[in-house]
Amino acid sequence: MLRSFWLVLYLCRPQRSYAIFRFLLTVFLLFRRRRRWWLWRPLPPAALVENIRSLGASFLKLAQVLATRADYFDSDYLQALRHLHDRMPSMSDKDRLRAFHRAFPDPEVFSNFDHQPLASASIGQVHKAVLRETHSVVAVKLLRENIQLQVRVDIRLLNLFLKIFRPLFTDQTRHSIESLLKAFSRVILQEVSMSQELANLEHFSQVYADSGVRFPVPYPGYCSDHALVMSFEEGIRIDDVASIKQMDITFPELMQQLVVFYVEQMLVKGFFHADPHPGNLLISPKGELILLDFGMVSRIPQSMRQAMIYAVKAAYERDFELLVSATRKMGVLTEDSDFRDLSSVAENLFEIFDSDHLKASSMQELAFGILNVMHDQPFKLPQDVIYVMRVSSLVEGIGTQYVENFNGIKDILPILRQNLPRALGEGGFSFESLQYELMQLPLTASKARKVVELAEQGELVVRMASADRHYLLERLGKHLHGLGRLIFFLALAFYFQQLQQGWTIYLSVACLAAAAVSLFRSR
């Protein structure tokens with residue numbers, strides 16, 4: 001407990017708090033396209049990178065997310081942030097032993113444990129070991145000492161400084177940055193929980209068992225919230241071009257498998273690995289694709305997946321009405337959105353998705369183009385969409401290393417089109433599907449009759465998009481608060497009038513005036 005107290009004081013020390021202040025101020029100024037706020041200027045790209053490195057694990061992870069946000073940073077900053085990596089020096093022997101004994105109270109579960117880590121990152125480090133009971137060779141992902149507390153303190157500090165900066169934000173800026181930090185907080189808290197990573201790995205192994213991609217096999221009996229024990233997978237990093245070229249592997253086919261796998265994850269199943277950087281992808285000696293590290297996993301609801309597909313379809317076909325419908329379902333638009341703003345955005349999106357423009361673009365250029373169009377607009381791009389664009393750019397980056405003239409749009413979109421019926425929950429026309437629909441007609445008629453009966457009885461329930469529901473409840477709450485104040489002041493005025501004393505007349509008039517002001521403000 002005392003060590004935790006001193007750690008919190010260390011994390012909140014003035015020098016570090018000032019570094020966080022400069023980091024957030026730089027993000028704010030760059031997002032607003034401003035070069036000065038009073039005496040403050042944004043940090044230059046190199047200084048921003050050093051600032052992030054000094055702040056540690058949480059901010060390194062946040063920088064990885066920001067490195068994909070062309071709506072936040074200019075190209076110079078994006079280039080500098082992409083050079084930030086997640087590799088960190090390994091824990092000291094003292095910290096490693098403390099973390100090991102916390103995760104494994106009985107150290108005898110291993111007949112051999114390699115103290116030199118195979119890899120060391122900001123959240124944890126991986127060691128090779130042998131289980132005493134089964135003699136299985138395993139990989140042990142050991143959480144860094146005190147990393148969970150550090151992440152929680154960092155999130156508190158981020159939110160504190162965000163509240164300090166809040167008066168300086170426009171509504172659009174505030175909502176965008178708050179949405180980003182909220183999504184980041186959720187993801188980073190999952191990453192520092194080995195129990196959550198174990199659940200992600202087990203679920204991935206079940207959902208994608210027939211994908212042809214290998215995953216480590218977990219050993220749940222040895223796992224805890226501080227350590228993950230899984231099978232040791234041997235392979236070559238997917239970006240080790242020289243080593244892979246010596247193997248008997250047809251890389252275009254392997255790349256095709258990777259693209260199909262990610263289309264399946266993002267658009268069909270909605271449960272996807274959100275961090276497919278080269279260190280997390282291995283090629284086995286048999287040429288199999290191996291996926292590692294399930295700390296950053298995201299879920300996209302079917303409604304959001306379908307809305308994203310229809311939004312792209314609308315932009316490609318220049319269908320404004322379909323674009324409005326899709327963006328509302330995605331939560332980009334609400335009832336109070338100004339459609340004049342959307343018209344200008346739509347024209348820019350239609351230009352980006354023009355056939356001639358697409359042929360000359362990469363997936364990364366497409367993503368950055370969309371983000372630039374959305375900048376300074378009163379709409380909020382959902383974080384799910386950001387993750388999909390980030391993953392698409394990373395997959396495209398892998399492909400360009402091996403396949404000459406690999407282009408994410410040219411090579412990925414045909415695969416996407418093939419899987420659209422499955423992603424939209426539709427199937428090809430066949431006699432079996434026709435027979436099924438005919439058999440469902442009596443049930444459909446029964447459901448229609450039930451809807452009419454519920455409407456007649458006043459019990460019909462209508463579901464709304466979450467963004468519209470939030471907007472409606474917010475407006476309703478404002479009116480109810482105004483109504484409550486009005487009733488309160490009128491009741492006080494009536495009460496003071498009943499007392500029939502000289503001084504109470506003035507209080508009654510004051511309450512009536514306050515009720516009138518409340519009525520005026522509610523309008």
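# Briefing on the predicted fold

Of the contacts in the chain with a separation of 6 or more, 68% are accounted for by residues 24 or more positions apart. The model is predicted, and its secondary structure comes to 21 helices and 10 strands. The chain has 523 residues, of which 46% count as buried.

- In strand β4 (residues 137-143), 6 of the 7 residues are buried, so the strand is largely enclosed by the rest of the structure.

- Strands β6, β8 and β9 make up an open sheet of 3 strands in the order β6-β8-β9, with antiparallel pairing.
- The edge strands of this sheet are β6 (236-237) and β9 (289-291), each of which pairs on one side only.
- Helix α11, spanning residues 251-269, packs on the sheet and touches β8 and β9, and its direction makes about 40° with that of β9.
- Strand β8 (residues 281-283) runs antiparallel to β9 and is joined to it by 3 bridges, with Leu281 standing opposite Leu291 in β9.
- Gln265 lies in helix α11 and is buried, its relative accessible area being 0%.
- When neighbours within four places in sequence are left aside, Gln265 is in contact with Phe204, Tyr208, Gly270, Phe271, Phe272 and His273.

**The nonpolar core**

- The largest nonpolar core has 113 residues, and those with the most contacts inside it are Phe23, Phe104 and Phe110.
- As general background, nonpolar side chains tend to be buried together in soluble globular proteins.
- Leaving aside neighbours within four places in sequence, Phe104 is in contact with Val109, Phe110, Val140, Leu142, Tyr222, Ala227 and Val229.

**Packing of helices α2 and α7**

- Helix α2 (residues 14-31) packs against helix α7 (residues 147-165) at an angle of about 55°, with the two axes 10 Å apart.
- The crossing in which α2 passes α7 is right-handed.
- On the α2 side the contact is made by Arg16, Ser17, Ile20, Phe21, Leu24 and Leu25, and on the α7 side by Gln150, Asp154, Leu157, Leu158, Phe161, Leu162 and Phe165.

**Residues with a positive phi**

- Most residues other than glycine have a negative phi.
- His135 has a phi near 60°, a positive value in a residue other than glycine; it is found in the loop between β3 and β4 and, at 60% relative accessibility, counts as exposed.
- Asp293 likewise has a positive phi, near 65°, and is found in the loop between β9 and β10 (297-299).
- With a relative accessible area of 23%, Asp293 is partly exposed.

Terms used
Residues numbered from 1 in each chain as written. Predicted model: local features only at pLDDT ≥ 70, side-chain atom pairs only at ≥ 80, totals over all residues. Heavy atoms only, no water. Pairing = 2+ DSSP bridges. Helix = DSSP H or I, 4+ residues; strand = E, 2+ residues; numbered from the N terminus. Contact = heavy atoms within 4.5 Å. Axes fitted to C-alpha atoms, helices over the stretch in contact; angles between N-to-C directions. Buried < 20%, exposed > 50% of the residue type's maximum accessible area, 1.4 Å probe, protein only. Core = buried A, V, L, I, M, F, W, Y, C linked by side-chain atoms within 4.5 Å. Left-handed = near helix turned anticlockwise from the far one by under 90°.
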